[in-house]
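Let's take a friendly walk through a protein chain, one piece at a time. Keep the picture open while you read.

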Amino acid sequence: MSHRNPPTPDRPAGAAATATAPPGPTGSAPTSGRPATGGGVRRVTWGALRARRSAVARLVGWSVVEALPALLSGALVARAVDAGFLAGRPGVGLRWLGLLAVAVLVGALATGRTYRSLGAVVEPFRDDLAGRVVRAALADATATGGRADSASAARLTHQVELVRDTFAGLLMVTRGFLFAAGAALLGLVALDPVLAAMVAAPLVVGLAVFLAALPAMAGQQRRYVRAGEELGRAAATALAGHRDVRACGAAERVVADVGRRVAEQAAAERTLARMAAVRSLSIGLGGWLPLAVLVLAAPWLVGRGLTAGAVLGALIYVATGLQPALHALVQGLGGGGLRYVVTLDRILRTCPDDAQAPAGSPAGNVPAGRDATAPPAPPAASIHGLTFRYGAAARPVLAELTLTLDAGEHLVVVGASGAGKSTLAALLSGLLAPQAGAVFLGGVPVAAAAPPTLARLRVLVPQEAYVFTGSVADNLRYLHPEVDDAAVVAAVDALGAAALVARLGGLGATVTPQALSAGERQLVAAVRAYLSPAPLVILDEATCHLDPAAEARVEEAFARRPGTLVVIAHRISSAVRARRVLLVDGDRPVLGTHGELLAGSATYRELVGHWDDRPARPHAPAGRA
């Protein structure tokens, strides 16, 4: 349905309203976007380690100290046996064992330091991943036609924590094996190079068997993670629509589908459990076989001149150093390591790096000093043949709507509850995608615009205002971080929020969302939108918790703000203040001024009478619910 501008005293019928757009504000809202590709697991892992070189260096340093008992244990026991107990000098033997106890104590102290250094590496990595998941989820949900994905909650609450824990475990077992096994082999070389060769050969075989099986293990772990996500998505969908499921008699089919997802996840988990046999084989070859070789070769070793203490020391190196380190490595890589690689890969593929919002003025603004001979700027917003319905067989909420908003317009949208006012706001802002027609903001098609572009073109303030824990200034600057204090104070005064800011303790004070009333949160959100560089502001019942005087002050301030204003009205007084009013009445909207609609629309007269005759309800003072 096409709407033309009604005649006014200063404009003939059918003429387009004209307004000179002021220079657009600079800066851009902090938004998140999607790049073309995400990084690989190896690149992200090495990047996390390189970004925290000092913490990694401390971890390595303390690991060297921690490995001191593994390096000295066999040699000191050999000295204690050969030079002390077997020589009839138990005091000497005890002194050598005392040195070993000191080494163990030093190693224990170093272990505590390694965990402190480990936290300095792992926790920032976890924070980076959590931020990545949140930004990707918001980008998906706020893209045109986007919607929240239940799998995002699984990635944030389960997968990120899983990556954090397995990354920490992977670092610990890897550096533990490298330093403990390295110290044990060095000790064996010091006792006799032949001992080191006898131990190293089966160790290499066991490691080779394990590494050869890793790709298959990774594939099974990936299948398990995917099965978990599919189960979560299927269960969330079934729970969200359980009433419709029962009403349609589809309970058995839905239960069967969820049950199939449960069975798939259980099968994947059983396969992972069976692959534990490969890990056991690797530990047997690399950890237990060297012990058997040393015991069986002991007579030959003693016959070629090796002392009993050296043979005992070699057994200690393998039993207390090499074998536990290998066991931890195989179990860690085969369990936590696989979960780390597969889960992190899943996060990176579903949550790519953020795209940076391109710099520049918002589209649709007229640059200062623009050439008068240049083509005219496109309308602030235009809707062409817009049709939207909730469901393929549902009645259209809007049908073939065509509307143009020039720069500087002030439009108020009114209508009965459920008529489609908020739906129109969501379509205009790009949060919903129409089944037919197109929406343009500043000449940019909304359907093809990335979230950063939409954020530069419009700001939508919903009824439920968002306030986060942080300073008052951070909350107000959220959409325009570069704005200075003078502009913030001016906006606070213009919208009547000075008393609220003073009560909270000033711009630098910390605000807690739960301590604010609904009206106060709406005031904070209104000032934030006022400071936004976006040329189009959409207020979707954004002042419904303010009293009429406070609401009028907010709307009048936005009307004076450079740019275009669309208000989804909560009170009829908003329509009186507007330049034009759009009455949403089924699929046949009517456009005109407040006076024209009073004269020509019975529905509008009824609506005005209804609003005027409503019993007054108590309102909070300005800014209070």
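## The whole chain

What you see is a predicted model. The chain holds 20 helices and 12 strands. Of its 625 residues, 46% are buried.

Now think about which residues meet each other. Take the contacts in the chain with a separation of 6 or more: 78% of them involve residues 24 or more positions apart.

## Two helices side by side

Two packed helices are described by the angle between their axes and the distance between the axes.

The crossing in which α6 passes α10 is right-handed. Which kinds of residues form the contact of α6 with α10? By class, there are 19 nonpolar, 3 polar and 6 charged residues.

## The sheet of six strands

Next, look for an open sheet of 6 strands, in the order β6-β9-β10-β3-β11-β12. The pairing in this sheet is mixed. At its edges are β6 (458-461) and β12 (590-592), each of which pairs on one side only. On average, and ignoring direction, neighbouring strands here are turned by 15 degrees against each other.

Strand β3 (residues 410-415) and strand β10 (residues 564-568) run parallel and are joined by 4 bridges. If you find V413, you can look across to I568, its bridge partner in β10. Helix α17, residues 548-560, packs on the sheet and touches β3, β9 and β10. The direction of α17 makes about 155 degrees with that of β10.

## The sheet of four strands

There is also an open sheet of 4 strands, ordered β2-β1-β4-β5, with antiparallel pairing. Its edge strands are β2 and β5, and each pairs on one side only. Strand β1 (residues 381-388) runs antiparallel to strand β4 (residues 436-441), with 5 bridges joining them. Here I383 has V439 as its bridge partner in β4.

Moving along, β4 pairs with strand β5 (residues 444-445) in the antiparallel sense over 2 bridges. L441 has V444 as its bridge partner in β5. How many residues lie between the strands in the hairpin of β4 and β5? There are 2 residues between them, and G442 in this hairpin takes a positive phi near 60 degrees.

## A helix that meets both sheets

Helix α11, residues 421-429, lies across β3, β6, β9 (536-540), β10 and β11 (580-584). It runs at about 155 degrees to β9. Helix α11 also lies across β1, β2 and β4, running at about 120 degrees to β1.

Is α11 mostly covered or mostly uncovered? It is mostly covered, since 8 of its 9 residues are buried. The buried residues of α11 include L424, A425, A426, L427 and L428, and K421, T423 and S429 are also among them. Just after α11 comes G430, which takes a positive phi of about 90 degrees.

Most residues other than glycine have a negative phi, and most peptide bonds are trans. With that in mind, look at E400, which is not a glycine and yet has a positive phi of about 50 degrees. E400 is found in strand β2, residues 398-405. Is E400 buried or exposed? Exposed means over 50% relative accessible area, so E400 counts as exposed at 54% relative accessibility.

Look for E541 in the loop between β9 and α17.

Note on methods. Residues numbered from 1 in each chain as written. Predicted model: local features only at pLDDT ≥ 70, side-chain atom pairs only at ≥ 80, totals over all residues. Heavy atoms only, no water. Left-handed = near helix turned anticlockwise from the far one by under 90°. Nonpolar A, V, L, I, M, F, W, Y, C, P; charged D, E, K, R; others polar. Pairing = 2+ DSSP bridges. Axes fitted to C-alpha atoms, helices over the stretch in contact; angles between N-to-C directions. Contact = heavy atoms within 4.5 Å. Buried < 20%, exposed > 50% of the residue type's maximum accessible area, 1.4 Å probe, protein only.
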